[in-house]
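Trainee: Could we go through this model together before I set anything up?
Mentor: Gladly; here it is.

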Amino acid sequence: MADKHFLHGADYNPEQWMKHKAAVWQEDMRRAKEAGINELSVGIFSWAFLEPEDGVYDFTWLDEVMDLLAANGMKAILATPSGSRPPWMAEKYPSVLRMDNERKPYVYGARHNACYSSPDFRRKVTEINTRLAQRYANHPALYMWHVSNEYNYECHCPRCQKAFQAWLKERYGTIDELNDSWWNTFWSHRFSSFAQVESPTTPSFLGEWESPNHNLAWRRFCSDHLADFFQLECEPLRKYTPNIPVTANLMHTFPGIDYFELGRRMDVVSWDNYPRWKNDERDRDISEWTGFRHDLMRGTGGQKPFLMMESCPGAVNWDDVNTLPPPGTVLYQSLQAIAHGSDSVQYFQFRAGRGGSEQFHGSVLPPDGSTDNRAFREVCEVSDALCRIAPVCGSRTRNRVALVYDWHARWALDYAWTAHRFHQKYEETVQSHHAALCRAGYGVDLIDQKSDLTPYRAVIAPMVFLLREGFAEKLTAFAEAGGLVYLSYMSGYVDEEDLRFITQPPLEALTGVRTDELDAWDKGHENHFCWQGREWPIHQVAQLCSLRGAEALAVYERQFYKGMPVLTRNRVGDGVCYTLQARVDTDCLTHVLGGLLREGGIPPLVEHLPEGVTATARYDEDGQQYLFLLNTNREAAQVALPKGYRSLMDGRETNGPVMLDAFSVTVFAAL
Ligand code: GLA
Ligand code: ZN
């Protein structure tokens with residue numbers, strides 16, 4: 001078997017230490033090896049040192065760094081430098097600066113703020129990426145490309161307006177088609193040419209901000225425009241280094257980009273994980289959120305192993321209150337990533353700088369390079385654990401339950417003038433369903449509406465407000481073929497263009513339920529339903545529906561809703577479709593979803609998990625199962641395992657109950 005080992009690495013910015021390089025660079029290599037680090041990500045913000053003047057390049061220092069990495073057995077994840085630009089570029093080519101939605105141009109500063117339509121920026125990026133790819137194509141340290149950094153995009157400059165208009169023309173063909181798709185007859189907003197269409201503004205009377213269809217189109221354009229820029233960045237990399245995988249570091253549920261779409265263009269997805277642990281009972285929720293984010297990021301990469309490109313081996317410095325994670329947290333956070341499918345643990349950053357906005361951000365080494373500190377010791381502990389569980393590297397999840405998270409549904413909800421305007425809680429709702437599934441013992445794959453459903457036995461789809469082309473049909477076929485489908489309130493309200501239906505809504509036949517009215521509540525407004533002998537509170541959102549073939553499994557108990565269906569079941573072909581018509585808490589979802597899945601003959605990974613304990617599993621190509629038990633409690637917990645396992649942590653074999661340490665992740669190999 002090939003020698004497997006996880007990537008254990010960090011962002012490394014040695015050019016910050018150019019004046020001290022003789023002492024610092026060598027020391028960095030020694031320290032990295034002491035900490036069991038085998039990868040360093042370089043060049044992320046190096047443009048000013050790579051191209052100190054327009055057209056004047058200096059790669060000598062990076063040659064030296066790459067050679068140093070190779071000589072010390074380190075893999076290099078080499079970045080393209082577009083995340084940040086040197087001041088000369090803004091001075092010479094002002095088009096690289098973005099314009100905000102009030103049409104004010106940015107001034108030079110900060111990072112992640114270039115205009116992706118700027119021909120100068122596109123040219124400069126292509127030039128430098130080409131040089132990097134040509135120069136390091138055969139370098140032994142080159143392991144992967146890290147394109148830019150934490151991409152985001154929204155620019156309202158005249159060039160981006162033109163790009164938006166061209167995108168619209170491509171999508172709609174004629175202006176009348178656009179007018180009809182956006183329902184522009186309303187308020188006399190019919191455009192007579194694409195040139196009249198401007199990007200929306202934020203809520204203000206400055207320009208368009210109210211049309212949901214227009215806003216949605218802008219979001220889609222921004223996402224596509226960024227994906228196109230990513231493609232531009234990748235061209236020289238793919239041309240000169242076709243065998244080197246390409247990634248870009250993502251930011252979990254960041255609203256501005258359809259990460260599934262971007263992920264499909266990458267070889268490996270990576271993301272930056274910064275949970276703000278509180279050292280109290282809130283850590284359980286934080287752990288659930290983090291697990292959700294890991295699963296979502298794995299989903300955007302098509303469920304392949306992903307990389308945790310950044311995490312903090314201490315406290316971050318950019319939160320309002322920067323709480324220190326207690327001892328053991330770095331290990332928990334690292335193994336949690338592996339449990340959810342990561343093939344790496346990486347930190348930001350290797351050695352903290354002396355100044356700059358991140359001078360006090362947690363790091364593997366403090367600026368003085370000393371190692372007698374907790375962060376360094378905990379990184380060594382992580383390294384030790386990663387060695388023990390090395391056989392897990394490269395293995396994949398095989399979850400049978402899929403949970404839909406879809407950026408288009410989310411965007412439509414963000415702009416929907418209904419229910420809780422601006423606070424529809426899409427992200428929170430999907431996360432709550434995820435937490436419920438995990439608490440019920442299931443491993444979960446996050447998918448979007450374009451994903452293949454065939455690997456799954458159940459598809460859980462909360463708040464799929466907007467139906468993308470073909471999704472309703474795919475879901476129906478899935479149920480007919482024996483699948484279990486669950487849909488929540490506020491699903492299937494609009495089509496791909498964000499228009500309501502005038503024929504039978506596509507989910508009606510599947511759910512056997514017709515949505516009649518939608519109700520939104522604020523605090524103090526309560527209802528409940530009874531299910532399996534318990535009373536479950538309902539809050540915030542309730543939908544009134546009539547049965548068109550489905551049966552009611554539970555009904556509202558109070559007010560004018562009394563007796564109306566809240567939980568429904570419809571038999572569809574060989575399968576079944578459930579709906580939940582109201583918002584409930586995670587505890588209720590755990591019982592409902594757990595109950596429905598078990599009834600559907602879909603077993604959890606582990607039965608009867610104690611509160612605060614979740615399980616995930618990965619499988620290698622030979623079918624060997626690795627089981628992870630995550631105990632988020634700040635005290636030990638006991639779990640009864642269904643069969644024999646060997647702990648990869650200490651080699652002990654178990655059959656039956658195992659004790660989990662407080663706030664720990666334990667990794668087992670099935671016997
Ligand atoms: C992000 C960035 C890094 C750094 C860290 C700090 O993830 O990618 O450059 O700013 O945050 O937490
Ligand atoms: Zn622009």
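**Metal site and ligand shell**

Mentor: The donors of the zinc ion (ligand 2) are spaced C-x39-C-x1-C-x2-C along the chain, where donors are N, O and S atoms within 2.8 Å of the metal (3.2 Å for Na, K and Ca), and sites may look incomplete as water is not among the atoms. This is a predicted model, in which local features need pLDDT of at least 70 and side-chain atom pairs pLDDT 80 or more, while totals for chains, interfaces and linings use all residues. Side-chain values use heavy atoms, without hydrogens and water, residues are numbered from 1 along each chain as its sequence is written, and chains are lettered from A and ligands numbered from 1 in the order in which they are written.

Trainee: Which atoms coordinate the zinc ion (ligand 2)?
Mentor: The SG atoms of Cys 115, Cys 155, Cys 157 and Cys 160 do, at 2.2 to 2.4 Å.

Trainee: And why is the arrangement tetrahedral?
Mentor: Because the 4 donor atoms subtend angles of 103 to 119°, and four donors count as tetrahedral if all angles lie between 85 and 135 degrees.

Trainee: Is Cys 155 buried or exposed?
Mentor: Cys 155 counts as buried because its relative accessibility is 0%, buried being under 20% relative accessible area (1.4 Å probe, protein chains only); Cys 157 and Cys 160 are both buried too.

Trainee: Switching to ligand 1, which polar contacts do Asn 149 and Glu 358 make?
Mentor: Taking a polar contact as a pair of N or O atoms within 3.5 Å, a polar side-chain atom of Asn 149 lies 2.8 Å from an oxygen atom of ligand 1, and one of Glu 358 lies 2.4 Å from an oxygen atom of ligand 1. For His 361, a side-chain N or O atom is 2.7 Å from a ligand 1 oxygen.

Terms used. Tetrahedral: all angles 85-135°; square planar, octahedral: opposite > 155°, others 65-115°. Buried < 20%, exposed > 50% of the residue type's maximum accessible area, 1.4 Å probe, protein only. Polar contact = N/O pair within 3.5 Å; in protein donor to acceptor, adjacent residues only side chain to side chain.
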